[in-house]
Structures are given as structure tokens and as C-alpha cells.
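Hi everyone, thanks for coming. Let's take a few minutes to walk through a structure together, so please have a look at the screen.

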Amino acid sequence: MIAEIILDLKAKSVDKPFSYLVPKRFLDIVEVGERCFVEFSSFKRMGIIVKLTEDHENNEIKLKEIDDMLDITPVLSKELIEIASYLSKTSCYPMISYLETMIPNVLKVNYSKKIRLLNKDDFKLGLIFGNEEVIDYKKIDKADLSFIKKAIDNKDIELIYDFKKKESVKYEKIITLETIPDKLTARRKEIVDYLIKHQNSSEWIKMRDDLSLSPDTIKRMVEQNIISVKEKEIYREIETIKPLSDKKVVFTDEQNAVFDTLKENLNHQNVFLLHGITGSGKTEIYLNLIEEVLKEGKEAIVLVPEISLTPMMVNRFKSRFKDDVAIFHSGLLDNTRYDEWRKVLRGEVKIAVGARSAVFAPFKNLGIIIIDEEHEQSYKQDTAPLYHAKDVAEKRCALHNCMLLLGSATPSIETYARCYKGVYNLVELKRRANNLGLPKTIVVDLNEEFKKGMKGNLSSLLKEEIEKRLEKGEQSLLLLNRRGYANYLMCRSCGKVEQCPNCSVSLTYHEYDKTLKCHYCGYEKHVNDVCSKCGSKYLQKVGSGTEKLEEELKSLFPIAKIIRMDNDTTRGKNAHEKLLYDFETMGDILIGTQMIAKGLDFPNVTLVGVINADQSLQIPDFRSKETTFELLTQVSGRAGRGDKSGLVIVQTYNKDHYAIKYGLLQDYKGFFNEEMKVRKIAKFSPFYNMAEIKIKSKDMKESYTEALKIKNELESSLEGEEVLILGPIPPTISKVDSYYIFNILIKYKIVEKLDLTLKKIYEKSVSNNILISIDRFPTSF
């Protein structure tokens with residue numbers, strides 16, 4: 001038998017299956033999707049079996065055998081391997097990159113480079129190795145590297161790769177009663193009675209704590225065969241703070257009609273968009289659809305856009321489906337994530353809830369995939385290997401012949417356009433589930449406010465309304481989509497603004513630790529009391545972030561319980577859930593970035609304030625209007641979700657802009673029609689498909705020269721096709737982490753040669769100094 005194996009090497013030259021013989025000793029256990037060790041180019045490497053055949057295409061070639069098997073059951077299904085192959089072909093990234101994305105980090109093998117001494121008579125090698133036969137390559141003095149290379153060539157030493165598996169399974173000791181002797185000491189009788197009370201078996205830790213036992217006591221009873229001790233594999237628990245509470249909801253007539261339509265189409269390959277205004281009860285429809293899927297013995301995946309939404313969504317699903325739910329998000333420790341993944345792989349749970357990567361949950365009989373807030377850009381993996389969870393979900397649903405359900409109050413322009421064309425199916429919820437109307441909206445013109453002498457971030461109206469909520473015991477939510485204290489620090493004497501040395505951006509000032517930080521590469525420095533250029537002490541903090549807003553609110557409302565939620569406050573374990581639970585149970589004001597704008601459901605929030613609605617509107621990106629509309633619509637929907645009416649106050653300098661006007665009215669169709677006119681003129685998506693090539697180098701000239709070569713090759717290869725090639729141009733942030741960036745945007749209808757052309761461009765880029773990435777789902781340009 002021949003195994004086709006993808007090696008865990010990301011070099012372009014080896015991005016293909018290699019053939020190995022399956023030894024007789026492995027014939028009974030080898031399967032597609034298992035990991036193994038093979039010899040490749042004289043080194044031992046891990047690989048994943050992607051295909052098994054009886055014969056090799058060229059029988060004259062002598063094949064090497066598989067050295068060892070890491071698994072006796074597959075860690076990847078044939079379906080997921082097919083998905084990885086599809087993603088690799090359409091994105092140009094190595095297939096192994098996608099295969100590794102689909103499995104937990106603890107299943108990836110760590111390699112360490114070492115050298116083994118072969119010629120023990122060499123005096124200099126003896127000095128380097130000492131009494132050791134194998135030493136770590138890192139310990140070699142750089143001055144000896146040339147000598148070491150010659151020694152390897154002369155076969156006096158050999159380079160080897162040691163490996164270490166990271167997977168860790170948790171066990172607990174179980175004490176079981178085996179026999180009851182006629183005579184027992186009082187202490188032993190207490191232990192026996194305890195075990196009888198607990199059905200003859202108990203966890204060691206619980207029993208130890210309840211009876212104050214010592215290990216020696218247990219050891220002696222085991223030796224006399226009174227009890228036995230066995231280890232049982234257990235899963236690490238994911239801590240939850242908020243108590244589970246399943247609220248059964250009676251559907252409205254509108255919800256019943258939508259549910260019935262979706263239920264009828266569950267067992268068919270199709271894509272439905274559930275377009276429902278904020279508070280219309282989309283989640284309850286998800287829950288009821290999954291109940292139908294489970295009745296048929298099938299499984300479900302539910303994606304949520306950000307980690308901040310996961311605790312709230314998990315609570316709803318755990319309350320309804322108890323232990324039949326696995327959780328996936330980046331906030332989990334690697335071993336906990338491994339436990340959740342094994343629950344799915346073993347068929348112990350039927351539902352997976354999580355962020356983007358949960359789309360790869362290893363289910364074998366999917367009945368539905370649901371993507372909540374489908375418009376969110378966080379479903380796009382923007383670091384290598386690139387993929388879009390929506391694209392993966394659509395492919396998986398096609399393979400399982402099941403429904404993909406997209407839900408949103410503000411669908412992406414592309415998704416809604418597909419509904420118009422009849423590619424997707426559309427169902428709508430036009431009324432809130434609580435029969436209350438949408439919250440009242442008031443626009444505050446900041447141009448007029450500053451003429452009246454407004455200071456700080458809050459208009460007089462917003463201050464008054466916050467005060468009213470505090471008096472009534474109601475809650476307020478304030479959105480400012482910028483973290484930190486000030487946008488930047490400027491010298492008022494010479495105008496110097498501290499810049500990041502690695503990126504083409506100014507450093508953001510953070511008050512809590514008196515630092516200037518880059519939010520792109522992580523560079524930070526402590527603030528000096530004087531200007532680094534002219535020595536002046538007149539330094540001004542320009543602009544506002546959530547940290548400064550928090551300071552202002554504490555000054556205005558000293559008694560209020562204020563909770564801030566942004567990337568700076570949510571880095572600890574379970575930080576999102578703790579902050580949200582604290583706000584729900586004891587908070588008065590929640591302030592934060594866009595992570596508080598979506599999906600949160602707090603019945604006592606009756607006021608939403610948008611501090612500056614223009615922030616996302618000013619970004620030089622063709623999606624900036626769509627982003628602004630989505631953010632305003634979504635955050636407005638957080639108000640008045642209970643039995644109290646809501647109020648939304650939006651502060652803006654551009655009150656007449658169509659994105660803001662339609663956002664305040666929550667008029668999606670009005671915005672869609674207006675935005676489609678702009679997109680059509682500019683030839684942007686959805687009228688054209690788009691692909692982006694990003695060229696990066698630490699040398700600006702080298703980066704630009706390579707970008708020009710790529711553009712010329714594109715124009716030559718795609719001549720005569722209906723395609724537009726724009727660039728190369730630097731993006732808004734043209735330097736990130738010391739790399740100079742140039743982008744090329746390709747707009748096209750249907751170009752059959754495009755995949756092959758992009759693949760060739762990617763494979764031809766062999767310089768170590770230049771990084772090239774290809775994005776088939778660019779979200780900005």
C-alpha cells in the first residue's frame with residue numbers, strides 16, 4: 001500500500017504529496033488523516049496522510065517506508081483534507097498550513113536542531129562536544145559554524161532534528177471498593193462506608209478532602225486489595241461566571257413563518273440569509289433550528305464574530321443543550337482547546353460554538369452551519385494562511401448537503417446582493433421580538449456643540465441623559481472606537497509627534513502606565529517629561545480614547561460604577577465574561593470599542609451614546625461607509641431590548657452623510673441602494689470580484705521593484721481578459737513592523753486563468769527578503 005503524505009514543511013518546493021510505502025506492521029491501522037513520521041532528505045519529519053492507494057504511478061521508483069505512526073485513528077477527516085486542498089489552490093498558501101490550522105496547537109510537533117558526533121577521534125570536535133554525544137545546535141559558538149559545516153560535509157558529525165509532542169491529556173484518580181474484610185479499623189471502616197455511600201467509587205481528590213486522607217493510607221489499602229486506584233481521562237472545564245438560564249420564548253407570527261421556511265429547507269444544500277433588525281429574536285430561531293437538526297442525529301456549528309460575544313452566546317446554548325456543546329475561541333488555553341476538539345472528534349458533543357476557527361470543528365455529519373453577524377470582518381483570517389470562514393462554511397455545507405444560515409441586522413453588501421440575484425435565499429424579521437419599537441434616535445451636531453463651548457467628549461444632552469439613567473437605576477452604553485488615552489503626544493513648541501520606529505504611524509498614549517504604544521507591531525516606550533527633539537516640556541495629549549473617556553466620566557459621575565471594555569482591559573483569562581457579568585449585575589456605564597457594539601443583550605440598557613460617529617467614516621477604504629452604517633445600526637440596537645424604551649444619542653460632524661442618516665433610521669435597504677450606486681461607478685465588489693497581492697520587504701526600493709515586476713506579469717498573463725489591475729501603491733499604513741508594503745488590486749468578473757497566474761507568481765517569489773501574500777477576499781484597499 002502507498003501513502004500520499006503532506007510534510008510539515010512550508011517551503012513552496014515541497015508543497016505536494018510525497019509517496020511512501022506502508023510497512024506490513026502498519027497496514028491494519030493506517031488511515032487517511034493520520035499523522036506519521038517519515039525520512040525526508042535525510043531528516044525525520046512529521047507528515048499527514050492525505051491519500052492511500054494500492055499502486056504507485058511509477059513502479060520503477062524505490063519508495064521509502066513510513067518510519068512510525070503518531071496516530072491509530074485519524075485526526076483529520078477526508079472532508080477537511082479536501083477543504084485544505086481547496087483553500088491551498090485558491091489562496092496559493094501551502095496545503096500543510098491549512099491542515100495545521102484545522103488541528104489543535106498541541107498536536108503540532110516541536111522540532112529542535114541538534115548535532116550528533118560520529119568521528120570521536122577528531123580533537124577539535126571533542127572540545128566542542130565534551131562528554132556529550134549529542135548537543136543542541138544553539139549552543140555552538142558562531143565562530144565555529146564554518147568548521148561545523150565542513151564536519152557535516154565530511155560526515156564527522158550529522159545534523160538531526162529532535163521532536164517533542166505537546167499534547168497533554170488530563171487524568172484523575174478513581175478509588176474503587178474491591179473487597180470488604182471481616183475486620184476493619186475505625187479509619188478504614190470510615191473509608192469503606194464512604195465508598196459504599198458513593199456507589200463503591202469516588203474521585204480521589206474529593207475523597208481526600210472529605211475524609212482528610214493521606215496517600216499512605218490509600219497505598220496500604222491497595223496493597224491489601226481492599227480498594228483499587230485507576231486513572232480516568234477527564235476534560236478541563238471551561239469556567240463560566242453567569243449562571244445558566246434557559247428562557248423559553250414563544251415565537252411571534254413573523255418568527256414562526258421564518259422558522260417554518262428554514263425548517264423545510266434544512267436537508268438541502270442552500271444558503272439562507274436571515275435579515276432581522278436588532279432585537280428581532282434571531283438567536284432563538286438558531287436554537288430551535290438546531291433542535292431540529294439534533295432530532296435527525298446530525299451536528300451543528302455556530303460561529304460568532306468576536307471573543308466578546310462568545311460567553312453570552314455560549315450561555316444561551318449551554319442553557320438549552322447542556323453538555324452537548326463544545327467551545328472554540330482564541331481565549332482558551334491550548335490544552336483546554338484540545339479537550340474541546342476531542343469531544344467533537346469522538347462524537348461526544350453535537351454542537352460547536354465559537355469564533356472563526358470553529359468552522360473547522362471535526363464533525364462528520366453536519367446538519368447546519370450558522371454564522372451570526374455574518375457581515376463582520378473578523379471572520380476573515382488576515383494572517384497566513386488566509387481564509388474566510390464564510391467561504392469554508394459554504395464549501396463544508398455543500399459537501400454535507402446541508403444549510404448554511406447567515407444572520408445579521410446589517411448583512412454585508414455582497415451577501416445581500418447575492419439574495420437580489422437569487423444566488424442566496426432571503427428571509428426577514430422586520431419587528432422586534434418584544435413588540436417594542438426601535439429606540440428613539442437624537443443626532444448631536446458637534447460643529448454646533450463646539451461653537452457653544454463644549455469641552456471633553458460628552459455633549460450637554462448626553463451628560464443629562466446619563467444622569468437621568470443613574471437616577472432611575474438604568475444602564476448606559478457608550479461607544480468610542482479607539483482605545484488608549486490620547487491619539488498621540490505632540491510637542492507644542494516644535495510640533496514633534498512621536499512615531500513608531502517600525503511602522504508609519506504615530507504612537508498612542510496610554511495614561512495608566514505612562515507609555516506610548518504602537519497598536520500595529522507592539523512597540524512601546526515610556527513617556528519622557530520633555531520633547532525628544534527640542535527638549536521642550538510643553539507636551540500636549542491630542543485626541544481621545546476609551547481610557548480618557550473613562551477618566552472624564554469618573555470626574556462627572558463619581559458615584560457611578562463604570563466598566564471599560566477594550567483590548568487593554570480584556571487580556572486576562574475570562575476577562576470578557578467577567579467584565580460583561582460585572583456590568584450586567586452591578587454596572588451603571590459600559591464604555592468600550594466596537595467589541596461592545598454587537599450581539600450584547602442587556603434588558604436594563606436604555607441609553608446608547610456614540611461619542612464620535614465619524615471615526616470609521618474617515619478611513620480611506622472603500623468599505624468605510626458600510627462599516628460606519630453597520631456600527632451605528634448595531635450599537636443602536638443595544639438600547640431598549642427589555643420592557644423599557646431606549647434612546648440613542650449620536651454625536652457627529654457629518655449628520656447629513658447617507659451612512660449616518662440611514663444608520664440612525666436602521667434603514668438597511670435605503671443604505672444598500674445608495675451604496676450600490678457608489679460601488680457600481682467605482683467598479684468595486686459586488687460588481688467585480690477582487691483579489692489583492694501584498695508585497696513586503698524591509699527595503700522600500702526592493703519591495704516596489706518586485707511589485708512592478710508582478711504587475712507586468714499580471715498584465716501579460718491576463719491580456720484580453722475583463723480585468724482591472726490597480727497599483728502598485730502603498731496602503732494607508734505603508735510600513736508595519738519594519739516592512740515596507742505595496743499592494744496590487746485585481747478587479748475581475750470571471751477569469752479562468754487567474755488562479756493559475758496567481759499560483760505562478762507566488763511560486764516564483766523565491767527571495768528570502770521579499771514576502772508575498774495573496775488575498776482572495778480583500779476587506780479593504
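Before we start, one term: when I talk about contact, I mean heavy atoms within 4.5 Å. Please also keep in mind that this is a predicted model.

With that in hand, look at helix α8, residues 253-264. Helix α8 lies across β12, β19 and β20, and runs at about 160° to β20.

What are those strands part of? Seven strands form an open sheet, in the order β14-β15-β13-β16-β19-β12-β20, and the pairing is parallel. At the edges you find β14 (325-328) and β20 (425-429), each of which pairs on one side only. From one strand to the next, the twist averages 15°. As a quick reminder, strands of a sheet pair through backbone hydrogen bonds, either parallel or antiparallel.

Let's zoom in on one pair. Strand β12 (residues 270-276) and strand β19 (residues 403-408) run parallel and are joined by six bridges. Which residue in β19 is the bridge partner of F272? That would be L405. Another helix, α12 (residues 389-400), packs on this sheet too. Helix α12 touches β12, β13 (299-303), β16 (366-372) and β19, and its direction makes about 160° with that of β16.

Now for some helix pairs. Two packed helices are described by the angle between their axes and the distance between the axes. Take α21 (residues 700-717) and α22 (residues 754-764): their axes come within 11 Å and cross at roughly 150°. Angles over 145 degrees count as roughly antiparallel, so that is the description for α21 and α22. The crossing of α21 past α22 is right-handed. On the α21 side, I710, E713, L714 and S717 meet T757, L758, I761 and K764 of α22. Sorted by class, this contact has four nonpolar, two polar and two charged residues.

Compare that with α5 (residues 186-197) and α7 (residues 215-223), whose axes come within 12 Å and cross at roughly 80°. These two are therefore roughly perpendicular to each other. R188, I191 and V192 of α5 make the contact with T217, R220 and M221 of α7.

Last stop: salt bridges. How many does a search of the whole structure find? The count is 49. One to point at is R483 with D568, 2.7 Å from N to O. R483 sits in the loop between β22 and β23, and D568 in the loop between β28 and α17, so the pair ties together parts that are 85 residues apart in sequence.

Key. Residues are numbered from 1 along each chain as its sequence is written. This is a predicted model: local features need pLDDT of at least 70, side-chain atom pairs count only at pLDDT 80 or more; totals for chains, interfaces and linings use all residues. Side-chain values use heavy atoms; hydrogens and water are left out. Axes are lines fitted to C-alpha atoms, for helices over the stretch in contact, and angles run from 0 to 180 degrees between N-to-C directions. Helices (H or I, at least four residues) and strands (E, at least two) are DSSP runs, numbered from the N terminus. Angles under 35 degrees count as roughly parallel, over 145 as roughly antiparallel, 65 to 115 as roughly perpendicular and the rest as oblique. A crossing is left-handed if the near helix is turned anticlockwise from the far one by less than a right angle, and right-handed if clockwise. Ala, Val, Leu, Ile, Met, Phe, Trp, Tyr, Cys and Pro count as nonpolar, Asp, Glu, Lys and Arg as charged, and the others, Gly among them, as polar. Two strands pair if DSSP finds at least two bridges between them. A salt bridge is a side-chain nitrogen of Lys or Arg within 4 Å of a carboxyl oxygen of Asp or Glu.
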